[in-house]
Amino acid sequence: MVSEPAPAWPAPTPDRERTAIRLEIVIVLVVTFGLSGASAALSLVESALAPGGVGGQKVALNPSRAEQSTIDLLFQLLSALRLVGWAALGLYLLWRSGIGPRLIGLARPRLRADVLPGAALAALIGLPGLALYLVAHALGLSVTIVPSSLGDHWWRLPALVLSAIANAVAEEVLVVGYLISRLRALDWSPRRSLVASALLRGSYHLYQGLGGGLGNLVMGVIFGGYWQRTTRLWPLVLAHATIDTVAYVGYTVLHGHVSWLP
């Protein structure tokens, strides 16, 4: 069997194109997670100034958007579609620059190269992440996170799974695959690019409190570092989708039935 040739990255970017790349990054971040990071930071300040402080606030990750079931479902689908659109924007801009999906690790997923590492990353991040949240919440450093406040509709669980997948695709494609690749074109070092990616990931989770921001910063270092070593993005997408699915569905099933879940 003839093995596939290793993908070749585009040649170094000419100086005259670097300004365009910097502008492109700024525009993408303003449209997507950069603006979300600024909004999350303001939310953290607002929570800190509110009665009861950060620990006295609640944040719903998947809130109900309408009283009518069908309208609410359509809102949930539009929210997921927006996230997928963000990911598509990043993939399109990379493709225009000569970096196709295969180069960033979105070729056909494989069991050993993608699925198994994805499960391992989900366990590595998910279990300590839950413990960190519970400790941070007990210390008043985290808001009370409500993964789902959707009504008891027939579509609730499928919508939560779809939301988890959309979040995973958007974040890993843009924050890891897109951002680190574009910073690479600007001759940023791997370490500097990794720090930028991790800081971005942590910033737009600050609405959860300092614990949520710190936990996602660590997640960003681990995920980004893994991608830099392997150039496989599927494990990150699968791990992230698994973590969010367990959080969303698990909360829906367990809330009110266990004492340790805020």
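In helix H3, the residues Asp72, Leu73, Gln76, Ala80, Leu83, Trp86, Ala87, Gly90, Leu93 and Leu94 are buried (under 20% relative accessible area, with exposed over 50% and partly exposed in between, for a 1.4 Å probe and protein chains only). The model is predicted, so local features need pLDDT of at least 70 and side-chain atom pairs count only at pLDDT 80 or more, while totals for chains, interfaces and linings use all residues. Residues are numbered from 1 along each chain as its sequence is written, and side-chain values use heavy atoms, with hydrogens and water left out. Helices (H or I, at least four residues) and strands (E, at least two) are DSSP runs, numbered from the N terminus.

**Helix H3**
- The buried residues of H3 pack against helix H1 (15–31), helix H2 (33–49) and helix H5 (156–185).
- H3 covers residues 69–96, and its end C-alpha atoms are 40 Å apart, which agrees with the 40 Å that 28 residues should span at 1.5 Å a residue (the expected span is 1.5 Å times one less than the number of residues).
- At the N-terminal end, Gln68 caps H3 with a side-chain oxygen 2.8 Å from the backbone nitrogen of Thr70.

**Helix pairs**
- H5 packs on helix H7 (residues 210–230) at about 55 degrees, with the axes 11 Å apart (axes are lines fitted to C-alpha atoms, for helices over the stretch in contact, and angles run from 0 to 180 degrees between N-to-C directions).
- That makes H5 oblique to H7 (under 35 degrees is roughly parallel, over 145 roughly antiparallel, 65 to 115 roughly perpendicular and the rest oblique).
- Glu172, Val176, Gly177, Ile180 and Ser181 of H5 meet Met219, Phe223, Gly224, Trp227 and Gln228 of H7 (contact means heavy atoms within 4.5 Å).
- The axes of helix H6 (residues 190–203) and H7 come within 7 Å and cross at roughly 145 degrees.
- Residues making the H6–H7 contact include Pro190, Ser193 and Leu194 of H6, and Gly213, Asn216 and Leu217 of H7.

**Loop residues**
- Thr32 sits in the loop between H1 and H2 and counts as buried at 1% relative accessibility.
- Leaving aside residues up to four places away in sequence, Thr32 touches Trp86 and Leu174.
- Most residues other than glycine have a negative phi.
- Thr231, in the loop between H7 and helix H8 (234–254), is not a glycine either and has a positive phi of about 55 degrees.
- With a relative accessible area of 25%, Thr231 is partly exposed.

How values were computed: Polar contact = N/O pair within 3.5 Å; in protein donor to acceptor, adjacent residues only side chain to side chain.
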